Each structure stands twice: as C-alpha cells, then as structure tokens.
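Dear colleague,

Please find below the structure that I am handing over to you, together with its sequence. My notes on what was found follow directly after it.

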Amino acid sequence: MKSVASFSSDKSVSDTESIFSVKRYFVNNLDSYHGEFILRELAKVLEGNVASTKVSSRTVVGEDVQLHSPTPPEQPFEIIGTVSDPKIKSLDNVARIIPKNECVPVMLTCGTVILDISYDRDELRLAMEYLKVLKTLLEKQKPPKSVDKDETGATTTIDAEAKKRYLILISTVMTWGSTKPLDPDSPDMPFIEMDFRKRKCHPNYKMHYDVENEVIGIARTYRSQIGAIVVCSGVTYGGREDVLFYWFQKSWECERILPILGRGGNAVPLINVADLAKIVYNLAMDFPKKLYILAVEQNVTRQREIVKPLGRSVGSGMFKCIPPEDAFLIPEIDQRIFDLMTLNLNMEPTYIVETMALQWTSELTFAENVSTLIKDFKKERGLKSFKILIYGPPIVGKTTLAKLICEAYGLIYISPETVAQDILDDLAWRIQHWEAGEMSAMGIPMGEEDEAGNADADDDVGDEEGVQEAARQTLAVLQSGRLLNDEEILGYLRQRMLCREGLNRGWVLDGFPTNLLQCSALFDKGEEQDSEGEDDVDHEPFDEDTDLFSNVLKKILPDVVVSLDATDDFICEKAMRQPEGDPRLDEEAILKRLGEFRAGDSREITPLNFFDELDIHPLVVTVKDHQDYGMKTSYSNVALRMGRACRYGKLAALIEAAEKKEREEKKSLKAKEAKALEELERKLKEEREEKMEYWTELYALLREEEEAALAAAGEPMRNYLVNHIFPTLTPALLEVAKLRPEDPIDFLAEHLFKLNPSGKMLEPGYNLQAEKLLGKIKILDEAIKDLDIQIEPLLSEFDQETSEQPPMKVNIMSGL
C-alpha cells in the first residue's frame, strides 16, 4: 500500500510535497541492508491512513441535518527517501524516491528524518550538508508557542508538538573504538549511555564522531524546535548479513579454515538488524528525552564466539588465528570489516532494556542462535544444494558428465573409486592442522591477551579429543593399504554425502548404486535425523505421503537422477575410440562389464525403480553422438532440469568481477595478438618493399647486361648490314619511292639485279668500285689483245710512276 493513494488529485499531491508535515518520514538508502528492515518496521505508520479514511455509518435526516463546508482532506502518513541503486524507481510502502542530489530541500519538509551513516561512508557528506541547512533554518524560525485551550486555564503544548521536528541519527560503535576502560582494574566494566562524553573515536571514524556531536549540539540548542538523538549501533547481523557476511559465506561453502583475526578474545558489540529496526521505530513513535542511546545486545560476544559456532554448525569446523595485519591478505576483508571485527568494547544497553523494554528477536546468544541465523541467511540469499545421481552403462560418459556438473555448479564429486582417497586426504590434512594448532601463526601471548584469547580454548579441547581420536583411527585404516570391502566403501560414500560440504553445496554421485540392495543400504535412515536438511514446511503432508520417507534419509536423497542410455554397439565403438591417456579395455572385458550391467538393469530389478517409488523420476538422456566426447549435449539436458547455479549477493559480485576480469584479459590478449599481428604484417611489408626495391635494381642491372650482351652478339650482323646491304639497298629503295611502280617488290628485285648481275654484291668481300675498275681493266685487256700491243713496257712505266706517288687508299664505303 502506498500512502499517496490517499490524495484526491495530482494538484493536492504537488501542494503537499513542498510543505512541512509531521506525518512525512524520510529514510536514506531505503534499499540498503539496514534500510530494508527499517522500512519494514516503519511501514506500520501507514496503517494510520486506513483509519483516517473510514466513513461514519451514522445517517442524519430531517431537522438534525446541518450544512457544513467540506473539510479539506487530511494529510496522510507517507515514507520517502533515497536509494543507493539508481536503477530502482519504486519500492513498496514508499511514496517517493528522491535523487540524492535533490534530497536536502525535501528532508526539510519531513517531520521525522532517519539518517543512517553506519553502513555507507558516502552518507556522511549528505548528513553534514543537511545538518548545516537545518541549523540555519532553525536559527531563522521562531520557537512554537504554547496555546491555552483548556477551560480550567491549563496550558497545553499541542501546537508546539505539532510543529516539532525529529531527527534520528544511526551511527556506529566505532566512535568508541579508542575509548579506554573506565576502571583499569576492571577492564570488563561495561560502558553505558551516560558515558558517551568519554568516548574516543577510532582514527578512521573522525567524521562520524563530528556528525554525532553536531546532532547532539542541535538537540541541546534547539530543544523546543527539534528532537534529535544518536543511536550508536553495534555490528548488525541477520538476514543478508553485513560485516559477518564473509564468515557466513565461507562457513556455508565449507572453507577449509575459517580465520580468526588475532586471538579472538576481543568483545564485539552485536545487534540483530531486526532489533535495530524495532528500536528506530519505537523512537519514531515515542521520542524520548535522550541525547544518546546504545543499540547493542545485552550479551557480551567475543570474536571467537562468532566464528567458531558458524564453523562448527555448517562449516568445516577448522579454525586458525592469524595476525591482524594478515587479514588484509584476504580479498573479501576490507578496512571496515577489519575495524569492526577487531573492536574490543563491552557495552550495556540500559535504556533499551530498562525503559524501552524492547522485545528482542531472540533471547539466545549468537552462538545458541546460529542454526536459525543460517536458515535466514540461506533464505535471504536463495541458497540451495543440488544432489545429483548419475546412472548408466560402463564407458557411456558418466564420469565426464559428473565432473562437468561439479565444475559448473560448485558441487563435490563422489564415486566408489575416489571416495577412500578423498577421505584419506581430508583426514590427513585435519590431523596435520590439529597437531600444528590454531595458534601456530601467533606469537607468544602477553598477560590479559593470553587469558582473553584462550578463555574458551580449553573448553574446546574436551569436545575435540574424541573427534580427533576417531579421525586418527580411520586414517590408519585407510593408510594400511588393504582392500576395502563393499560395506566399508558404502559407509565411506554415505559419510561423504553427509559431510557439511555435501549437505551445504551438494554432490554428484557417479556410478553408484548399481542394484536395489545398494540403494536401500545407502539411503537407509539409520540413526541420522532429517531435521538439519529439511526445509521449514508449515503445511501437513498428504495422507499418501505420510509413510513415503519413513525408512529413508530424506536429506541425502538425490534431487535429480540422470539415467544415461546408449546401445551396446555405441558403447563398444566408443570404447575403441578412447583417446590416448584414457584407460582402454579390450573387447572381451567391455562385453563382460556390459553384460553384468544389462543383467542388473532389467525392468523388474533396475535400481531406478527405487527412486520411482519415492517420486524421484529419472531423467533419461540418450547418448548417441560419437563426436560429443565431452558430453556437452547431455549436460545441457541436465542443466535444464536443475536450473541456474546458485549466485548470491557479494558472491555474485565477485563472480561477475572475475568474469569481467577474464573478459578484459581475453580482450587484452586479443589486442596484444592483433598488435603483434599488425607489427608482423608491417615488418613483412617493409621486408617485401625492401626486397622489391632490391629485385627492381637487380632486374634493371640484368636488363642492362642482357641488352649489352645482345648488342655485342648483334654487332657483326649490324656491321654486315651497314657495310654490305644498306649501300646497295638504300639507292634502290629511294628509286622505288621516287618512281612508285605498281609492283614495288618486283621493281626492287629487277633494279638490284641490274646493279649486280653476278650476284656478288651481297658477299662480305664485294666492292662496287673495285668491281667497276676490274671490269674496265678486263675490257682494256681484251682490247689490247685485239690490238696486239705489248703491255709489259707500259706496266713497268706505270709501276715507276706509281711508286713516286703516295699510295692510294680504297675506301670500301665509297659506294655510300
């Protein structure tokens, strides 16, 4: 129900939003751990809206009727506030959600303001800003005056109270963090509310201390205009958990060792978050004349009394005291958690116990109430365990599927082949830890530290001696090396299924049981009780289900029974295809094991009938793909039945952070690979360009050498053409061009023949002038022969004349 439903129109809503109202409550961080519980309690004030809207059933008629002007609608109660998650736009019972950067003016219109600075340090800035503006407003306002309305003359303060504001500041016990004991001789003497002036804050909480003093100063200075009070809250627990979340989470996950910061003897003031919300509601309804109250439990709880009950109730039951400075090596522990868990304060809530008479959520101590707290924790976080049983023929892929489910859902793997070794490893580690002791990492204690740190250590020794002795005996049996019989293996399987880790997280049982007798023995109720594993169920069971689980231990029954089905041919072929490294069986051994399985898996005696009778109907998955060696298809079918894996709160944030980191690493790796590839391509391109340049220069050089070689090879032919062909051919071509005959080829041939009837003109030793001169000489010789002239005297004279003249050189190129 939202309070804005009482408004008659949008206009009335907008008018009332800007005026002061004593019926308006403001709470910061409504979606926070504290805010959810405070809102749940404060929503009770909205019941007043229902009462104010009731219409009288009395009918007045006749002369009794009186005309009255319509009364204005009464302003309803409403709750407004801020949220830490900007995605949240509305909440049940909340009229408006105010943005944090706009909330200070709105806070001034609220009659009651509840400011929580204990959970989120970012709220300190908002608190300081609001107190500054509030102080300025109160200085300008006049104190409300009392009005006498009583016939006897008595003065009432109704109007004064109607205009009075109220401020509830929820702070933290860390503002007392450095306070010394009131009496050094009695360090266990508790602090009470009246001692708040003596408090000394922890160095990391100076701002919280200043805000507390500012609120106290406003309460004293403007007591007629505002009622202000500081609620000093202890370490809150319950539901989703806050500071103790790490220990609750690791206990449920069965972390091997739960850390204790220091020796664990320090007193940590605690308060259930539901009790804190009740205190705030009571203060809002009946504001006291107090400045400071302590919101802590009456019981003194030490750190060891917080961690050890958690570990023993749902965890591994193993602890180790670590030096306080080593706490920061644990990623989940931040400065705030460290400060609150190492605090050492003994406080007594006198006002809550004596005056408020608070009805505590539980009168038990934290240690006595752990079982209930764990149930609330599991309910708030939606925690549940998955118990899976894998059944099927040999070599079909049961182990591969079981380990795949374990990895995806965070379950433990159990099989007859590995259970003895798993128990042996666990017991060996436990005995080694017991021999080293919880205090092995701590130094020599000093005085009071020794007494406080070991106060309850002696009480634990007697309880653990029997457990340790039984563990040593079991370890000796397992280390002896003798073969275990079927009864012992069944007992170890049952022990593994009933261990804390198995009950909390769940398990996958691989390949067992294989017959009805083993089913009855494994799930027999025996001396165990189902109270720890059963959910809280208010309704009565049906008559047909009354005796259904009378003889079986319900808390270890599987949630899903997976029956893998495959043909004999498929199994034999898969056995032959086993990859290297996997155990291989010969055909005879495979057929023998397969025959034994088929004999015990007949319709009448199959162990699946045991689960069918308990309404746990098997999920039959057919395996027929040889390529799916990793059983991915079968896993998809099982995951569809199981649902999504359990993820909750800070654990989900851690998983998302890990996945984000993995994505970033993959992205970074891809970027590096891309950069390396780009660099490689750049280098290859540069090398290619360098080689291309070298090849181009080499090719040019080869071309030059080739051209030079060709020129050298063609030089004789060129000389021949120039000296013997062109001198004769050129005039002939000029003649052809000049005359332009019809058949230039024939004309050229005839012209060349005329010039060289003997055909010697194209020979290398041919000279045209020499040939002409030789022709003339022949003609003359023939003429002289005809004339009978003596030539020898003439030749002698000719030789004499020529000897006196310089010799004549004959140019073979004269033809050109």
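The chain contains 28 helices and 16 strands. Please keep in mind that this is a predicted model. Of its 816 residues, 39% count as buried. Among contacts between residues at least 6 apart in sequence, 81% join residues at least 24 apart.

I begin with the strands. Strand β2 covers residues 78–81, and both of its faces are covered. Strand β2 has partners in β1 and β3. With β1 (residues 21–27), strand β2 pairs in the parallel sense over 4 bridges, and Y25 stands opposite I79. With β3 (residues 96–97), strand β2 also pairs in the parallel sense, over 2 bridges. Here I80 has R96 as its bridge partner.

Next comes a helix. Which residues of α21 are buried? In this helix, which spans residues 568–576, they are F570, I571, K574 and A575. These four residues lie on the same side of α21, because they cover an arc of only 135° around the axis. The spacing can be understood from the geometry of helices: an α-helix has 3.6 residues a turn, so residues three or four places apart point the same way. What do the buried residues of α21 pack against? Their packing partner is α22, at residues 587–600.

A search of the whole structure finds 4 cavities of 30 Å³ or more. The largest cavity has a volume of about 80 Å³. Its lining consists of 13 residues, and T172, G234, V235, R336 and L340 are the ones that lie nearest its centre. The elements that give two or more residues to this lining are β5 (165–172), β7 (235–237) and α11 (335–341). By class, the lining of the largest cavity has 4 nonpolar, 7 polar and 2 charged residues.

The second largest cavity holds about 70 Å³ of space. Among the residues that line the second largest cavity are V268, P269, L270, V296 and E297; N299, V300, T301, L345, N346 and M347 line it too. By class, this lining has 7 nonpolar, 3 polar and 1 charged residues.

The lining of the second largest pocket divides into 12 nonpolar, 6 polar and 14 charged residues.

Finally, I would draw your attention to some details of the backbone. The peptide bond from F512 to P513 is cis, with omega near 0°. P513 is placed in the loop between β14 (506–510) and α20 (516–522).

Two residues have a positive phi although neither is a glycine: N29, at about 50°, and E241, near 75°. N29 is found in the loop between β1 and α2 (33–42). Is N29 buried or exposed? Since buried means under 20% relative accessible area, N29 counts as buried because its relative accessibility is 4%. E241 lies in the loop between β7 and α8 (245–252). E241 is likewise buried, with a relative accessible area of 3%.

Yours sincerely,

A colleague

Methods: Residues are numbered from 1 along each chain as its sequence is written. This is a predicted model: local features need pLDDT of at least 70, side-chain atom pairs count only at pLDDT 80 or more; totals for chains, interfaces and linings use all residues. Side-chain values use heavy atoms; hydrogens and water are left out. Buried means under 20% relative accessible area, exposed over 50%, partly exposed in between (1.4 Å probe, protein chains only). The arc is that of the directions from the helix axis to the C-beta atoms. Contact means heavy atoms within 4.5 Å. Ala, Val, Leu, Ile, Met, Phe, Trp, Tyr, Cys and Pro count as nonpolar, Asp, Glu, Lys and Arg as charged, and the others, Gly among them, as polar. Two strands pair if DSSP finds at least two bridges between them. On a 1 Å grid over the protein atoms alone, a cavity is a set of points where a 1.4 Å probe fits but cannot get out, and a pocket is an open set with protein on both sides within 12 Å along at least five of seven lines; lining residues have an atom within 4 Å of a point. Grid points are joined across faces, edges and corners, and a volume is the space filled by probe spheres set on the points.
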